[in-house]
Amino acid sequence: MATLVSAEDDIIRKRLLIDGEAEGDDRRLSKVLRNFLKFCSLPPEDEAERESLSQTLCMNISQCEFSMSKVQLIQIMNCQELAGYQRTFSDIEGKIAEAHVQIAQSREDLQTARQIRKHQEMYNALVKIIEEHPARQETRSQLAALEDELKVLTETKTSLESKLLLRRKQFHLLMLSIAELQSVLGADKDDPMDTS
């Protein structure tokens, strides 16, 4: 029983595959064949039946031709749609390839931008450090002024040291003179008679 059901399913499946979307073309062709055989087997005397069967046969053939032309148009349309889909597929593949190229270029641009930003940050840090220090020309002029001032101060120091040395000598001489004068005065006190 199971094999009978599967055999019937196979037959139905084959008929559907053969028939497809042609809406009973297999039955139409069978009908045309039956009518043709019936037409051939009619006796020549039965003119009315032959005429009626002839018109039915022409109508059936016309329906088959119409169905065939419809299938051919569907096939042409399917081929055109397939070509359109292939063009669309090619366009999409091209756009995907372009997108990959743009992504790669954007990555390179991003790396370059990051490098530029890093250099800019380093540059700004160096600018801050440089701005904290005076300009070289200004530093040189300040250094020259300080050297001149140092020279003047050194000369003043030398002059003051020589004056101080002179004053020390004079002070020492004064102290010696005072000590000698005190010793002379002390000797005069001891010898009051000697006032001549």
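Leaving aside neighbours within four places in sequence, which residues is Cys-64 in contact with? Cys-64 is in contact with Arg-28, Leu-29 and Val-32, where contact means heavy atoms within 4.5 Å. This is a predicted model, in which local features need pLDDT of at least 70, side-chain atom pairs count only at pLDDT 80 or more, and totals for chains, interfaces and linings use all residues. Residues are numbered from 1 along each chain as its sequence is written, and side-chain values use heavy atoms, with hydrogens and water left out.

**Overall layout**

- The protein chain has 4 helices and 0 strands; helices (H or I, at least four residues) and strands (E, at least two) are DSSP runs, numbered from the N terminus.
- Along the sequence, the pattern of the protein chain reads α-α-α-α.
- Of the 196 residues in the protein chain, 7% are buried; buried means under 20% relative accessible area, exposed means over 50%, and partly exposed lies in between (1.4 Å probe, protein chains only).
- Among contacts in the protein chain with a separation of 6 or more, 43% come from residues 24 or more positions apart.
- The protein chain has an accessible surface of about 17,700 Å², and carbon and sulfur atoms hold 61% of that surface. Accessible areas come from the Shrake-Rupley method with a 1.4 Å probe, and for residues only the protein chains shown count as cover.

- Cys-64 lies in helix H3 and counts as buried because its relative accessible area is 16%.
- The C-alpha atoms of Cys-64 and Arg-28 are 6.9 Å apart, although 36 residues separate the two along the chain.
- Asn-35 belongs to helix H2 and is buried, since its relative accessibility is 11%.
- Apart from neighbours within four places in sequence, Asn-35 is in contact with Leu-53, Thr-56, Leu-57 and Asn-60.

**Salt bridges**

- Side chains of opposite charge can pair when their charged atoms come close.
- The count is 2 salt bridges, each being a side-chain nitrogen of Lys or Arg within 4 Å of a carboxyl oxygen of Asp or Glu.
- Arg-117 is exposed, with a relative accessible area of 58%, while Glu-121 is partly exposed at 46%.
- Another salt bridge links Lys-157 and Glu-161, whose closest N and O atoms are 3.8 Å apart. Lys-157 and Glu-161 are 4 residues apart in helix H4 (residues 136–190), so about one helical turn lies between them.
- Glu-161 is partly exposed, with a relative accessible area of 43%.

**Surface patches**

- Patches are made of residues with over 30% relative accessible area and no salt bridge; like charges are joined within 9 Å, and nonpolar side chains (Val, Leu, Ile, Met, Phe, Trp, Tyr) within 5 Å.
- Glu-45, Asp-46, Glu-47, Glu-49 and Glu-51 form a patch of negative charge on the surface. Lys and Arg count as positive and Asp and Glu as negative, with His and the chain ends not counted. The place of a charge is taken as NZ of Lys, CZ of Arg, CG of Asp or CD of Glu.
- Asp-46 sits in the loop between helix H2 (25–41) and helix H3 (47–132) and is partly exposed, with a relative accessible area of 32%.
- A nonpolar patch on the surface consists of Phe-171, Leu-174, Met-175 and Ile-178, which together have about 380 Å² of accessible area.
- Ile-178 is located in helix H4 and is partly exposed, with a relative accessible area of 36%.
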